[in-house]
Amino acid sequence: MAWLVLIVSGVLEAGWAVALKLSDGFSRLWPTVTFAVLATASFGGLAWAMKQLPAGPAYAVWTGIGAAITAVIGMVWLGDGVSVLKVVSILLIIGGVVGLQLAGGAH
């Protein structure tokens, strides 16, 4: 269950990162509110998951999921540039997240 909460929290991290971008430096109300709600939920889920999971892999998975999804959203919807190197790098992040999740039970 902790891994599931961590994965959902990583997705929420991408949500708050995009909302932060759309808030235009906290000058737009609804993106700022969305940022605050999603950030609180994301950090709360991370904190809960870390009660059962090792800190290093948990944090790496959380940030990796958030970074990969945010990068894809940026390229698809926010006008960020797309390159082969960026796509390969995102795939490497995903591979690392999967590897850390698989190794999560190993001590």
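The structure shown here is a predicted model, in which local features need a pLDDT of at least 70 and side-chain atom pairs count only at pLDDT 80 or more, while totals for chains, interfaces and linings use all residues. Residues are numbered from 1 along each chain as its sequence is written, and side-chain values use heavy atoms, with hydrogens and water left out.

The protein chain contains four helices and zero strands, where helices (H or I, at least four residues) and strands (E, at least two) are DSSP runs numbered from the N terminus. Read from the N terminus on, the elements follow the order α-α-α-α. Along the principal axes, the C-alpha atoms fill a box of roughly 45 × 35 × 15 Å. Of the 107 residues in the chain, 30% are buried; buried means under 20% relative accessible area, exposed means over 50%, and partly exposed lies in between, computed with a 1.4 Å probe and protein chains only. The chain exposes about 6,300 Å², of which carbon and sulfur atoms supply 75%. Contact means heavy atoms within 4.5 Å, and among contacts between residues at least 6 apart in sequence, 67% join residues at least 24 apart.

Two packed helices are described by the angle between their axes and the distance between the axes. The axes are lines fitted to C-alpha atoms, for helices over the stretch in contact, and the angles run from 0 to 180 degrees between N-to-C directions. Helix H1 (residues 2-22) and helix H2 (residues 29-50) have axes that come within 8 Å and cross at roughly 155°, and H1 and H2 are therefore roughly antiparallel to each other. H1 passes H2 in a left-handed crossing; a crossing is left-handed if the near helix is turned anticlockwise from the far one by less than a right angle, and right-handed if clockwise. Where H1 meets H2, the residues of H1 include Leu-6, Leu-12 and Trp-16, and those of H2 include Phe-35, Leu-38 and Trp-48. The residues of this contact divide into 17 nonpolar, five polar and one charged, where Ala, Val, Leu, Ile, Met, Phe, Trp, Tyr, Cys and Pro count as nonpolar, Asp, Glu, Lys and Arg as charged, and the others, Gly among them, as polar.

H1 also packs with helix H3 (residues 55-77), at an angle of about 40° and with the axes 8 Å apart, and H1 and H3 are therefore oblique to each other. H1 passes H3 in a right-handed crossing. Among the residues that make the contact are Trp-3, Ile-7 and Val-18 of H1, together with Val-61, Trp-62 and Ile-69 of H3. The residues of the contact of H1 with H3 comprise 15 nonpolar, five polar and one charged.

The loop between H1 and H2 holds Asp-24, which has a positive phi of about 55° although it is not a glycine. Asp-24 is exposed, with a relative accessible area of 54%. Phe-26 also has its place in the loop between H1 and H2, and its phi is near 65°, a positive value in a residue other than glycine. Phe-26 is partly exposed, with a relative accessible area of 48%.

In helix H3 the reader can find Ala-67, which is partly exposed, with a relative accessible area of 38%. Ala-67 and Ala-49 lie 18 residues apart in sequence and, from C-alpha to C-alpha, 18 Å apart in space.

Conventions: Angles under 35 degrees count as roughly parallel, over 145 as roughly antiparallel, 65 to 115 as roughly perpendicular and the rest as oblique. Accessible areas come from the Shrake-Rupley method with a 1.4 Å probe; for residues, only the protein chains shown count as cover.
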